[in-house]
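Here are my notes on this model, as numbered points. Please read them beside the structure.

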Protein chains: 2
Amino acid sequence: MFAIRLEQKALTLYPFPADLINRRIREVLPEPNEEIGSLVDYLLAGSGKMLRPRLVFLSASLYPHEPQLVIDMAAAVELVHLASLVHDDVIDQSDCRRGRDSLNHCFGNLASVLTGDYLFATAFQLVNRHGQQAILNTLTSTIQTMCAGEIQQMQLAFDVEISEADYLQKSYRKTACLFAACCRIGALASVMPDAEAAALEEYGLCLGYAYQIIDDLLDFMSDRDKLGKPCGSDLREGNITLPVICLLREDEPAAWLRAAIDQKDFSDVMIENVTSACINHGAIDKCLQLAFDFIARGLAQLESLPPGPARKELMSMGKLLLKNYYRSLRCDLHMPEEERTSS
Amino acid sequence: MFAIRLEQKALTLYPFPADLINRRIREVLPEPNEEIGSLVDYLLAGSGKMLRPRLVFLSASLYPHEPQLVIDMAAAVELVHLASLVHDDVIDQSDCRRGRDSLNHCFGNLASVLTGDYLFATAFQLVNRHGQQAILNTLTSTIQTMCAGEIQQMQLAFDVEISEADYLQKSYRKTACLFAACCRIGALASVMPDAEAAALEEYGLCLGYAYQIIDDLLDFMSDRDKLGKPCGSDLREGNITLPVICLLREDEPAAWLRAAIDQKDFSDVMIENVTSACINHGAIDKCLQLAFDFIARGLAQLESLPPGPARKELMSMGKLLLKNYYRSLRCDLHMPEEERTSS
C-alpha cells in the first residue's frame, strides 16, 4: 500500500522564490488605509506552504519563460487563494484557521468580506497588467467553479445520502480545479506545447484531489494542535467527507452514525467514536489508497515532460502531501512501520 | 435654491437598452447549479434604475463605438454593482434592500458571499473577453477604492467627531468613484478624445456625490415603504451622514444627539426627533444645496461635449436624482411649492 517512499529532502531540489513572491504580494497591495494594511499583514504572516504558487512556478520552469511574469502570476494565484480562505471564514463562522484565530474571528465579517474582495481585485489587476487574457480567463472561470463548489457543499450539508461521486465533484470544484489552474497558468506563462500543458494540468488535478482527501482525513486523524482547528470540525459543520461516506456504507456504524448526524450530536466522544470506527472499518485505509492512486496517476502525467530539476520537484510535491499527512497524525494513532523508520 | 427645474419626461430622449443589458447579464452567468441560478434570478428581479450601466451607455453614445462592446461593459458594471450590494448585505446584517428581503436575509451569509464573488468573477471575465485592459484596470482599481470606503465607514462608525471632509472622502470611495468609473469606461469603449473623457469622468464624480448625499437625506426624509428599509437605518448602524454631521455642529441638538449616539439610543422616537431637528435647524436644506451644487458642477462639465440626445439624457440624469428625491419624501414632510406645482 505504501508504494511511494517519502524523501527526506523534498522540495529543495529547485529553489522556490517564496520571498520574492511574498514581497511582490506586498508591493501590489496598495493598502490605501491602515485597516486593510494590518489585515493583509495578519494574513500573510499566517501564510502556509504556498503550494499553489509553487505549482505555477515549477510548471513554468519546465520551459523558457519570462521570470517576472511567472513571479507575478504565482503572486496572483496566492492572492486568489488567500481571498477564498478569507471568504470561507465568513461562511463557516469558523474560529480557527491554520492554528491562529481566523481573520473573521479577530476583525468581524465586514473586514473578511472586504479584505477578500480587495485581494481578488488586486489579483486580477496584476494579471491584467501583463495583458494575459488567457490566464485571466483561467482565473475567473476557476473562481466561478470554486463558488459553485462551496454552494454545493452548503446544499449537501448534513445529507447522509451524499455519494462518493458527489464528494469527488465537490472536491474538484473546491480544490482540484485551482490546483489544475495553477499548472495551466504556469504553462501559459511559458512557451509550453499544448500536449505537455494538458498533461501538467491533469497532474495538478490529481494532486488537488489527493490534497483534499488527505485534508479531510486529517480532520479526524490529527489533533487540534497539529491541525490548527478542533478535530472533527468538518462533520460538526455538516460537511460529510469521504471517510464518513465510507462508514455510512457499513451496516453497523451506519445506524448510529446516521442518528448522530440527524440529531447533530457532535460531542467530543462522538467524534472520537467516528474516528475509531473509520480506522477499524478500514475507511481511513480506503481513503488513503484513493489519495495514493490520485498521486500515482498525477506522477504518471509528468513522464511526458522534459526531465530536470523542475520536473523532479513536481514529483516530490506528490510525496510531500503524504509526508505532511504522516507528520500531522496524532501520536496515539498507528503509523505504518515503513514511514516511522524512514523519518 | 431650486434652480434646476424638473423635467416630466426625463430619461426618454435616448433609448436605453435595459432589456438587452439584462439579457446579456443572464447570458454570461453560466449558473452551474440551481442554487446560484435562483440567487441570481432573485437579485436581477429586484434590479433598480440601472443608473451605472446607463452612465456607461450614454457616455459611449457621445462618440462612435462598437455597440456590443458597450452593452457588455454596461452589463459588467451592473454585475460589479450587484456584487457589491450583495456583499454589503453580509456586512451590514441588514434585513432589507430595495424594499425586498435582502439576499442575505433569505439565503444566509454563505450564499451572499459566494454569489457576490461569482458576480465579480463574471464581470471581469466579460471585460477580459473583449481584451479591454484599460477598462479592466479601471474596474479593479474602483473595487479596491470601494473596499477602502467600506472599511473607512466601519472605522468611523458611531464617531461623533467625523468631519464633512471625512464624509466626502467616504462618499467618494463608496459611491462617486464607481459613477466616475462608469463614465470613464463608456469613454474607453468609444473613440472619445482625452479632454472630453476627463470632463465626462468629472461629471460622473459630481453625480455620484449628489447621489450619495440625496440617498443619505432620504434615510431620514422618506418612510419605510418608499425607502424599502426602516427610516434612520444609517444612524442605527453608526453610519453618521451629512445631515447628522450638520446637526452635531449646532449647540442645542449637539448635546442630546451626542448622548443618544454614545448610548446607541435609536428608538423610533429618537429617529423622529433627529429628523425634525434636521429640518428645523436647516441641515436638510444645507445638504440639499450641496447636492444641487454638485449636480450643477457636473452639468457644467457636459458643456464641452458634443450636443445631441445622449448629452441631453446625461443632463437629465442629474435632474432625475432630484426628482426621485421629491417623489420619495414622506407625505407629512414639507415639499417646496415650486416642485409640487410642476409635478
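1. Start with helix 7 (residues 164–188) and helix 8 (residues 194–221) of chain B. Their axes come within 7 Å and cross at roughly 145°. Helices here are DSSP runs of H or I, at least four residues, numbered from the N terminus. Axes are lines fitted to C-alpha atoms over the stretch in contact, and angles run from 0 to 180 degrees between N-to-C directions.

2. The model is predicted: local features need pLDDT of at least 70, side-chain atom pairs need 80 or more, and totals for chains, interfaces and linings use all residues. Residues are numbered from 1 along each chain, and chains are lettered from A and ligands numbered from 1 in the order written.

3. Which residues make the contact of these two helices? Helix 7 of chain B gives, among them, B:S171, B:L178 and B:F179. Helix 8 of chain B gives residues including B:L200, B:Y203 and B:G204. Contact means C-beta atoms, placed from the backbone, within 7 Å.

4. By class, this helix 7 and helix 8 contact in chain B has 14 nonpolar, 5 polar and 3 charged residues. Ala, Val, Leu, Ile, Met, Phe, Trp, Tyr, Cys and Pro count as nonpolar, Asp, Glu, Lys and Arg as charged, and the others as polar.

5. Now the two chains. 34 residues of chain A are in contact with 34 residues of chain B. On the chain A side, helix 6 gives the most, with 13 residues. That side has 18 nonpolar, 13 polar and 3 charged residues.

6. The same surface serves both copies, as 100% of the contact residues of chain A recur in chain B.
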